[in-house]
Amino acid sequence: MSVNTVAPPPNKWVAWLFGIYGSGKPPVLGTVDIQEIEDKAREVLKNSPSAFSYVLKGAGTSDTYTENRRALDRWKLVPRVLNDVGERSLETTIFGVTHPAPILIAPVGAQGLMHNDGELGTARAAGKVGVPLIVSSAASRSMEEIAEAQGPNGHRWYQLYWTHSVELTQSLLRRAKASGFTALVITVDTMLIGWRPHDHGLPYSPAGHGFGVQQGTSDPVFMARFGLEPRHERPPFPFLQEDIKRRAANGDPAAQQAMFLGSKWIGEIASGIFRSWDEIQFIRDNWDGQIVLKGILAPEDAEKAIDLGIDGIIVSNHGGRQVDGSIGALDALDMVTQSSKVREAQSTGKLTILFDSGIRTGSDILKALALGAQAVLIGRPFMYGLAIAGEAGVEQILMQTIADLHITMGLCGYRDITATVGVREKLMLKINQ
């Protein structure tokens, strides 16, 4: 009987972790503990508590935000041992493109609230790590600048809040395609902004004061309505809502214009129009690329998406920011992937299933994959990294999350991440709480 004496070759993720030990210093965020990182972000933004709450808080009582974690906690991993998994691969293919890990950056808006780097820092970090980037319609930098920051080899998708006017929607899609965005993510759970007491009670509205409306102010169709040229602006950090209001009240034309354009952009992306399944054809007629629906929770909606030829779905409850008292996102994923129609569409490559809402660790990712997701979206954690250290903070969040996944997958007995997709009870046990 032979004994294996050959150590596995080093890889990017292990090398990153060893680099921390080799340096003798903590990483740029000072820790890799995700709760400590959240706490540090809160401290960094202590003079802008509304900005931090804008990212952290959920709808209503934040019950859905909490339920996302409870749902993940109900599933427990069951590691398998004595498997030769020294060499492991996290490579994941989505829409024909192979990525280094099953992780995408979620489309979080107004990232400039966290740090002066804003979306450009996030894009640069995504480019360095090789993680796909999904850019929000509520970004505080233009899609063209974000694409340039990510670099020509970066993979990026554009997230659409479906605008009120046909011409503006068409313009946004043309710009996205010209800037190298290959897939379109339509957020279908935000036809109205959810009940958010932390914003409504102040009231706190960055967009209403010209912050996070930069896809609009850089759009020729939108700006032409007001006799203005499109511009690629970078709103100042920190965002001072009361200062903008005061300056506007005192006749400052720049502040007045920011509030005016902000209100008009809100009217476009949060018009209160509830789109229907029949209207998806309009997007298909105007977009040459994959279409993904973000915000699917019910199996019936996933099956309807299959009927319409939708390329992918993101099982998500918007991080708990839309409907208070909603089902946890992982519970929804469990239900969706128990549909025989969904499983068949996924197995034949007709439907790609992604997961969003609540992911914090490598173990969380494994749980989502075991329930049938092919990749996950990372949201709040990278925003905390951005708040603390800008681009470098986002890069650390991505690296530590992937390193965690790489280690945990091996300790659970798997050498190829694709082998974990849909294994369910072979890898996990659901417990009652």
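Author: Happy to. Let's begin with the largest pocket: helix α12 gives the most to its lining, with three residues. Keep in mind that this is a predicted model.

Reader: Good to know. Which other elements supply at least two residues of that pocket's lining?

Author: Besides α12, there are α3 (49–56), α8 (197–200) and α18, each with at least two residues in the lining of the largest pocket.

Reader: And what volume does the largest pocket have?

Author: Its volume is about 880 Å³. The lining takes in 41 residues.

Reader: That's a lot to click through! Which of them lie nearest the centre?

Author: Go to Tyr54, Tyr161, Arg196, His318 and Arg321, which lie nearest the centre of the largest pocket.

Reader: How does the pocket lining divide by class?

Author: It has 21 nonpolar, 13 polar and seven charged residues.

Reader: What lines the largest cavity?

Author: Its lining is made of 13 residues, with Trp162, Thr190, Met191, Ile269 and Ile273 nearest the centre. Strand β7 (181–187) and helix α12 (253–269) each supply at least two residues there.

Reader: What about the second largest cavity, which residues line that?

Author: Val108, Gln111, Glu119, Leu133, Ile134, Val135, Ser136, Ala139 and Ile146. Strand β5 (residues 133–135) gives the most to this lining, with three residues. By class, the second largest cavity is lined by six nonpolar, two polar and one charged residues.

Reader: Back to α12 for a moment. At what angle do α11 and α12 pack?

Author: Helix α11 (residues 241–249) and α12 pack at about 115 degrees, and their axes are 7 Å apart. That makes α11 and α12 roughly perpendicular to each other. The crossing of these two helices is left-handed.

Reader: Now α18. How do α2 and α18 run, roughly parallel or roughly antiparallel?

Author: The axes of α2 (residues 34–44) and α18 (residues 380–411) come within 12 Å and cross at roughly 160 degrees. An angle over 145 degrees counts as roughly antiparallel, so α2 and α18 are roughly antiparallel to each other.

Reader: Which residues of α2 and α18 meet?

Author: From α2, you have Ile34, Ile37, Glu38, Lys40, Ala41 and Val44. Their partners in α18 are Pro381, Tyr384, Gly385, Ala387, Ile388, Gln396, Ile397 and Gln400. The residues of this contact divide into nine nonpolar, three polar and two charged.

Reader: Last topic, the backbone. Where is there a cis peptide bond?

Author: Look between Phe237 and Pro238, where omega is about 0 degrees. Pro238 sits in the loop between α10 (220–224) and α11.

Reader: And what is the phi of Ser62?

Author: Ser62 has a positive phi of about 65 degrees, although it is not a glycine. You'll find Ser62 in the loop between α3 and α4 (63–74).

Definitions and conventions
Residues are numbered from 1 along each chain as its sequence is written. This is a predicted model: local features need pLDDT of at least 70, side-chain atom pairs count only at pLDDT 80 or more; totals for chains, interfaces and linings use all residues. Side-chain values use heavy atoms; hydrogens and water are left out. Axes are lines fitted to C-alpha atoms, for helices over the stretch in contact, and angles run from 0 to 180 degrees between N-to-C directions. Helices (H or I, at least four residues) and strands (E, at least two) are DSSP runs, numbered from the N terminus. Angles under 35 degrees count as roughly parallel, over 145 as roughly antiparallel, 65 to 115 as roughly perpendicular and the rest as oblique. Contact means heavy atoms within 4.5 Å. Ala, Val, Leu, Ile, Met, Phe, Trp, Tyr, Cys and Pro count as nonpolar, Asp, Glu, Lys and Arg as charged, and the others, Gly among them, as polar. On a 1 Å grid over the protein atoms alone, a cavity is a set of points where a 1.4 Å probe fits but cannot get out, and a pocket is an open set with protein on both sides within 12 Å along at least five of seven lines; lining residues have an atom within 4 Å of a point. Grid points are joined across faces, edges and corners, and a volume is the space filled by probe spheres set on the points. A crossing is left-handed if the near helix is turned anticlockwise from the far one by less than a right angle, and right-handed if clockwise.
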